[in-house]
Amino acid sequence: MSEDEILAEFRASQALLEGHFLLSSGRHSAHYLQCARVLMDPMRASRLAAATAAKIPRELRQQIQKVVSPAMGGVIIGHEMGRALGVEAMFVERPTGTFELRRGFALSEGDRVLMVEDVVTTGLSSREAIRAIEEAGGQVIAAASLVDRSGGSIDLGVPFFPLVALNFPTYAPDEVPAALAATPAVKPGSRAQA
């Protein structure tokens, strides 16, 4: 899939939002990707997962035994990545603020895991999910996401394969441009804001 084809999928599903958004990182942006919308069509989700899986080098792809994603945003794309790779998919969630496997999900010691997110901005959720996977006995050998919004600055400690990099400007609270600050900020993400 070309970048234009990928963006066409986001536009067709009205997943690219414009306005004033307070991101889970605490930064502000005039753009927000609502990946849940792009993934609500099962056929589109399947196409995007297959394209993401194709970004992972074949030798590495063949080593993956499980896919684990953080809830909530990573659940659908994680499931579809499991389908694309022909392996089981599960997710970690934060019932008490820290990611953990629940619902009978378990990893065997040394399982080679691909950690999958929908969007990576600061990498905080990804690093927390990787830590939980490792604590559960898995070995994270790579990470993938639909979108990398980090500007290429993310280091997750494992090879990282985003489907597309989108670098909309983001602003610290004291750097928000006046035109953007003039409109109320919406918190569209799933992480609780401080």
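I began with the largest nonpolar core, which has 34 residues; Met81, Leu114, Leu146 and Val147 touch the most other members. The model I am reading is a predicted one. At least two residues each come from α1 (3–12), α2 (35–39), α3 (42–55), α5 (75–85), β6, β7 and β8. I also found a second, separate core of 19 residues, with Val92, Leu107, Val120 and Ile154 among them. As background, nonpolar side chains tend to be buried together in soluble globular proteins.

Next I picked Met81. What is Met81 in contact with, leaving aside neighbours within four places in sequence? I noted Ala49, Thr52, Ala53, Ile56, Val67, Leu114, Val116 and Ala144.

Then I turned to the sheet. I read an open sheet of 6 strands, with mixed pairing and the order β5-β4-β3-β6-β7-β8. Which strands stand at the edges? They are β5 (100–101) and β8 (160–165). Each has a single partner strand, so one side of each is left without a neighbour in the sheet.

I looked up strand β6 (residues 112–120) and its pairing. With strand β3 (residues 66–70) it pairs in the parallel sense over 3 bridges. I checked individual positions: Val67 has Leu114 in β6 as its bridge partner, and Val68 stands opposite Met115 in β6. With β7, β6 again pairs in the parallel sense, here over 8 bridges. Val113 has Val140 in β7 as its bridge partner.

Is β6 enclosed or open to the outside? I counted 8 of its 9 residues as buried, so β6 is largely enclosed by the rest of the structure.

β6, α6 and β7 make a right-handed β-α-β unit. Helix α6 (residues 124–135) packs on the sheet and touches β3, β4 (88–93), β5, β6 and β7 (139–148). Its direction makes about 160° with that of β6.

Last, I went to Glu100, which lies in strand β5. Its relative accessibility is 32%, so I logged Glu100 as partly exposed, the class between 20% and 50%. Leaving aside neighbours within four places in sequence, Glu100 is in contact with Phe91, Val92, Glu93, Pro95 and Ala132. I also took one C-alpha separation: Glu100 and Pro70 are 30 residues apart along the chain, and their C-alpha atoms are separated by 9.1 Å.

Note on methods. Residues numbered from 1 in each chain as written. Predicted model: local features only at pLDDT ≥ 70, side-chain atom pairs only at ≥ 80, totals over all residues. Heavy atoms only, no water. Pairing = 2+ DSSP bridges. Helix = DSSP H or I, 4+ residues; strand = E, 2+ residues; numbered from the N terminus. Contact = heavy atoms within 4.5 Å. Axes fitted to C-alpha atoms, helices over the stretch in contact; angles between N-to-C directions. Buried < 20%, exposed > 50% of the residue type's maximum accessible area, 1.4 Å probe, protein only. Right-handed = clockwise from strand over helix to strand, strands pointing away. Core = buried A, V, L, I, M, F, W, Y, C linked by side-chain atoms within 4.5 Å.
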